[in-house]
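Hi,

Here is the structure I promised to pass on to you. Have a look at it first, and then read on for what turned up.

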Amino acid sequence: MMKKNTFKKLIWANVIIFLIFTVKLIFYPYALAPEDLGKAILLYEELLLPSVDNFVVILLLLTLIAFFVSLYLLYKFNDYGRQLFIVTNIIMLIFVFSDGYVVFDSIDYFLDSISTALIGFTIAISYFSSLSKEFKKKK
């Protein structure tokens with residue numbers, strides 16, 4: 001039986017993994033890649049940079065805001081948070097297709113796997129555990 005406190009820790013784990021993944025992608029994008037491969041990838045990305053669509057960037061930022069709002073609502077056991085959490089994660093999956101080639105190193109794969117497992121676990125617990133009765137629609 002899942003307790004409220006444990007579920008809240010699961011929400012915090014989602015936030016922490018997301019922030020670690022973001023910091024890793026921004027500051028250490030190719031930390032484990034061989035030096036020559038890292039340079040080649042950076043040169044390739046510089047060529048693609050002008051092709052970034054402002055519309056996609058705005059949608060991505062709105063989706064990220066909605067993701068954090070959904071986590072807050074889940075933390076407060078609001079039913080709309082469950083729905084928003086699923087929708088934002090589906091939209092984030094669709095954003096994979098807006099990018100060209102992406103190179104992940106082993107740390108990226110590990111963090112992505114943990115993040116995916118946490119997201120799935122959060123959805124499963126919020127809908128299929130005894131805590132599902134705690135989620136009430138706020139008016």
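Phe135 is buried, with a relative accessible area of 7%. Please keep in mind that this is a predicted model. Phe77 is buried as well, at a relative accessible area of 6%, and Phe7 also counts as buried.

Phe77 and Phe135 make a tilted pair, with 5.2 Å from centre to centre and 55° between the planes. Phe77 sits in the loop between helix 3 (54-75) and helix 4 (79-95), while Phe135 is in the segment after helix 5, so this pair ties together parts that are 58 residues apart in sequence.

**Other rings**

Elsewhere, ring pairs join Phe18, Phe67, Phe68 and Phe85 into a cluster. Two rings have a charged side chain over the face: Lys8 lies over Tyr75, at 4.8 Å from the ring centre, and Arg82 lies over Tyr127, at 4.3 Å from the ring centre.

**Helix 3**

How many residues does helix 3 have, and how far does it reach? Helix 3 has 22 residues and spans 32 Å from its first C-alpha to its last, close to the 32 Å expected at 1.5 Å a residue.

Its buried residues are Thr63, Ala66, Phe67, Ser70, Leu71, Leu73 and Leu74. Seen down the axis of helix 3, they fall within an arc of 155°, so they line one face of the helix. On the other side, Asn54, Leu62, Ile65 and Tyr72 are exposed. The cover over the buried residues of helix 3 includes helix 1, helix 4 and helix 5.

Leaving aside neighbours within four places in sequence, Thr63 is in contact with Thr88, Ile91, Met92 and Phe95. Val87, in helix 4, is 24 residues from Thr63 in sequence and 9.2 Å from it in space, C-alpha to C-alpha. Val87 has 43% relative accessibility and therefore counts as partly exposed.

In soluble globular proteins, nonpolar side chains tend to be buried together. Here the largest nonpolar core has 20 residues, and those with the most contacts inside it are Phe7, Phe67, Leu71, Leu74, Phe85 and Leu131. Helix 1, helix 3, helix 4 and helix 5 each supply at least two residues of this core, and the largest share, 7 residues, comes from helix 1.

Not counting residues up to four places away in sequence, Leu74 touches Phe7, Ile11, Gly81, Arg82, Phe85, Thr122, Ser126 and Phe135.

Enjoy exploring, and best wishes

Key
Residues are numbered from 1 along each chain as its sequence is written. This is a predicted model: local features need pLDDT of at least 70, side-chain atom pairs count only at pLDDT 80 or more; totals for chains, interfaces and linings use all residues. Side-chain values use heavy atoms; hydrogens and water are left out. Buried means under 20% relative accessible area, exposed over 50%, partly exposed in between (1.4 Å probe, protein chains only). Rings of Phe, Tyr and Trp (its six-membered ring) pair if their centres lie within 6.5 Å; planes under 30 degrees apart count as stacked, over 60 as edge-to-face and the rest as tilted. Helices (H or I, at least four residues) and strands (E, at least two) are DSSP runs, numbered from the N terminus. A charge sits over a ring if NZ of Lys or CZ of Arg is within 6 Å of the ring centre and within 35 degrees of the ring normal. Contact means heavy atoms within 4.5 Å. The expected span of a helix is 1.5 Å times one less than its number of residues. The arc is that of the directions from the helix axis to the C-beta atoms. A nonpolar core is a set of buried Ala, Val, Leu, Ile, Met, Phe, Trp, Tyr and Cys residues joined through side-chain atoms within 4.5 Å.
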